[in-house]
Amino acid sequence: MSNRTFTMIKPDATSKGHTGAILDQIIKAGFSVKAMKWIHLTTAQAGEFYAVHKERPFYGELVEFMCSGPIVAAILEKENAVADFRTLIGATNFKDAAEGTIRKKYATSIGENAVHGSDSDENAKIEGDFFFSGLERF
Ligand code: GDP
């Protein structure tokens with residue numbers, strides 16, 4: 001069990017002005033921010049980040065969406081961070097997400113689902129390292 005996870009507030013949520021409310025919900029759930037940046041990904045960067053999904057039919061759509069506007073990327077800390085954050089954001093498809101979860105509140109489709117949350121300790125480390133240098137995390 002690790003105490004860190006990685007998140008992105010996706011372009012659908014930043015463009016609709018939900019960034020503040022989402023960060024507030026994350027912090028009130030007990031996560032503390034260890035690194036954070038506001039960034040507009042290039043196609044190459046989003047393609048590399050989601051390379052694990054390259055063979056999936058929605059890969060092109062996902063990469064295009066993630067480059068459609070700025071995102072907020074962050075490393076978060078809390079006991080049992082990966083699992084607790086996945087609970088906080090809810091299921092990939094907002095229609096299946098529990099009431100009160102971030103995706104239930106802010107997602108509008110299976111693709112445009114407001115937030116990313118790492119699915120394992122190993123991926124949390126890989127994803128955090130993709131966005132942040134040692135000087136940018138605390
Ligand atoms: P997650 O771990 O809950 O984010 O879900 P996945 O790892 O399965 O998928 C990664 C991301 O791809 C999701 O968060 C969605 O933004 C997107 N995605 C997943 N399934 C679909 C789909 O069927 N269509 C589209 N357009 N995007 C999808």
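An oxygen atom of the ligand lies 2.9 Å from an N or O atom in the side chain of Asn113. The model is a predicted one, and the protein in it covers 83% of the 550 Å² of accessible area that the ligand has on its own.

In Thr92, a polar side-chain atom is 2.5 Å from an oxygen atom of the ligand. For Arg103, the distance from an N or O atom of the side chain to an oxygen atom of the ligand is 3.0 Å.

## Residues around the ligand

Asn113, Thr92 and Arg103 are among the residues around the ligand. Others found there include Lys10, His53, Arg56, Phe58, Glu61 and Leu62. Arg86, Ile110 and Gly111 also belong to this shell.

Sorted by class, the shell holds three nonpolar, four polar and five charged residues.

## The pocket that holds the ligand

Where does the ligand sit? It is placed in the largest pocket. This pocket contains about 760 Å³ of space. It is lined by 27 residues, and those closest to its centre are Tyr50, His53, Arg56, Phe58 and Leu62. Of these, His53, Arg56, Phe58 and Leu62 are also listed around the ligand.

The lining of the largest pocket divides into 10 nonpolar, eight polar and nine charged residues.

## Helices and strands in the lining

Which element gives the most to the lining of the largest pocket? Helix 7 does, with four residues. This helix spans residues 121-131.

At least two lining residues each come from helix 3 (43-49), helix 4 (59-66), strand 4 (115-117) and helix 7.

Technical notes
Residues numbered from 1 in each chain as written. Predicted model: local features only at pLDDT ≥ 70, side-chain atom pairs only at ≥ 80, totals over all residues. Heavy atoms only, no water. 1 Å grid on protein atoms, 1.4 Å probe; cavity = no way out; pocket = protein on both sides within 12 Å on 5 of 7 lines; lining within 4 Å. Points joined across faces, edges and corners; volume = space filled by probe spheres on them. Nonpolar A, V, L, I, M, F, W, Y, C, P; charged D, E, K, R; others polar. Near = heavy atom within 4 Å. Polar contact = N/O pair within 3.5 Å; in protein donor to acceptor, adjacent residues only side chain to side chain. Areas by Shrake-Rupley, 256 points an atom, 1.4 Å probe, with all protein chains shown as cover. Sits in = over half its atoms within 2 Å of the grid points.
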